[in-house]
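Thanks for coming, everyone. Let me put the model on the screen, and then we'll walk through it.

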Amino acid sequence: MTTDWSIRDLRAADGGAQLLLTLENGAGEREVLMLFASRLRAIPQIGGVDAAQLEHLRREAAVTAAMRVGLRMLSVCGTSRRHLIEKLRARGHAADVAAEAVEDLATRGYLNEAEGALREAERGLAKLWGDRRILADLRAKGYGDGALRRVRERLADEDAVGRCVRLLRRLRAAIPTDAAQLHRLLARMQRYGYAPAEAKRALRRMWNEK
């Protein structure tokens, strides 16, 4: 009994964006593959496929599956390329498949690191984090230099000292009365991402507003 594979059925799906292939071999085994049509150089034809063609189709199906998962993730929130690859690998996709899927999503404009980083930065600003913590958080999430440059440009328009004042008030922090209290408060502000000089200026602003 032959185990050679052939395409037995070919249908369009998702408005023609994807192709649904049904393959079968002489042993009666059946396999259904979903492929993004735009990734294919030519539309597969009904009939037999050799080993190289079968390997290519299976690879395309794996990348398509990873891209579909990636698109769902990106519809919820932005992310960096590195983190999206890590998320796909955590879902069981092979490293090379995940990397290819993410690269394709980025090429198609679905993954924009700069926009994702800016959205993350806005969340940090809403939490009243200092610039240092916002940038450190973005680095930890895998955003590259280009995305971080855009975020720095955004942060340059912000009043970091005023943000620190709002944080101090939210925390109901009292103005220090001695060096030990000042040291503890500055250390606390550093954990929120504020440089000591920024925190001191914020404290002076609070004092002057009293």
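Start at Arg 39. Set aside its neighbours within four places in sequence, and Arg 39 is in contact with Glu 60, Val 63, Met 67, Glu 100, Asp 104 and Arg 108. Keep in mind that this is a predicted model. Arg 39 lies in the loop between β3 and β4. Is Arg 39 buried or exposed? Its relative accessible area is 18%, and the cut-off for buried is under 20%, so Arg 39 counts as buried.

Now its polar partners. The side chain of Arg 39 makes a polar contact with the side chain of Glu 60, at 2.8 Å. It makes another with the side chain of Asp 104, at 2.6 Å.

Let's step back to the whole chain. The protein has nine helices and four strands. Along the sequence the pattern reads β-β-β-β-α-α-α-α-α-α-α-α-α. How does the radius of gyration compare with the globule rule? It is 26 Å, well over the 17 Å that the rule gives for 210 residues, so the protein is more spread out than a compact globule. The C-alpha trace spans about 90 × 30 × 25 Å along the principal axes. Buried residues make up 41% of the 210 residues. Take the contacts between residues at least 6 apart in sequence: 57% of them join residues at least 24 apart.

Next, the sheet. It is an open sheet of four strands, ordered β3-β2-β1-β4, with antiparallel pairing. Which strands stand at the edges? They are β3 and β4, residues 47-49; each has a single partner strand, so one side of each is left without a neighbour in the sheet. Neighbouring strands are turned by 40° against each other on average, direction ignored. Helix α1, residues 51-76, packs on this sheet. The helix touches β1, β2, β3 and β4, and its direction makes about 60° with that of β3.

Strands of a sheet pair through backbone hydrogen bonds, either parallel or antiparallel.

Now pair by pair. Strand β2, residues 18-25, and strand β3, residues 30-36, are joined by seven bridges and run antiparallel. Gln 18 stands opposite Phe 36 in β3. Leu 23 has Glu 31 as its bridge partner in β3. These two strands form a hairpin with four residues between them. In that turn, Gly 28 has a positive phi of about 85°.

On to β1 and β2. Eight bridges join them, again antiparallel. Ser 6 has Glu 24 as its bridge partner in β2. This pair also forms a hairpin, with four residues between the strands. Here the positive phi in the turn belongs to Asp 14, at about 55°.

The remaining pairing is β1 with β4. That one is antiparallel too, over three bridges. Trp 5 stands opposite Val 49 in β4.

Stay on β4 for a moment. Gly 48 sits in this strand. At 63% relative accessibility, Gly 48 counts as exposed. Leaving aside neighbours within four places in sequence, Gly 48 is in contact with Trp 5, Ser 6 and Gln 53.

At the start of α4, a side-chain oxygen of Asn 112 reaches to within 3.1 Å of the backbone nitrogen of Ala 114. After the helix comes Leu 128, with a positive phi near 65°.

Which residues of α4 are buried? They are Glu 113, Ala 114, Gly 116, Ala 117, Leu 118, Glu 120, Ala 121, Gly 124 and Leu 125. And what covers them? The cover includes α2 (81-90), α5 (131-140), α6 (145-155) and α7 (160-170).

That's the tour. Over to you.

Definitions and conventions
Residues numbered from 1 in each chain as written. Predicted model: local features only at pLDDT ≥ 70, side-chain atom pairs only at ≥ 80, totals over all residues. Heavy atoms only, no water. Buried < 20%, exposed > 50% of the residue type's maximum accessible area, 1.4 Å probe, protein only. Contact = heavy atoms within 4.5 Å. Polar contact = N/O pair within 3.5 Å; in protein donor to acceptor, adjacent residues only side chain to side chain. Pairing = 2+ DSSP bridges. Axes fitted to C-alpha atoms, helices over the stretch in contact; angles between N-to-C directions. Rg over C-alpha atoms; globule rule 2.2 N^0.38 Å.
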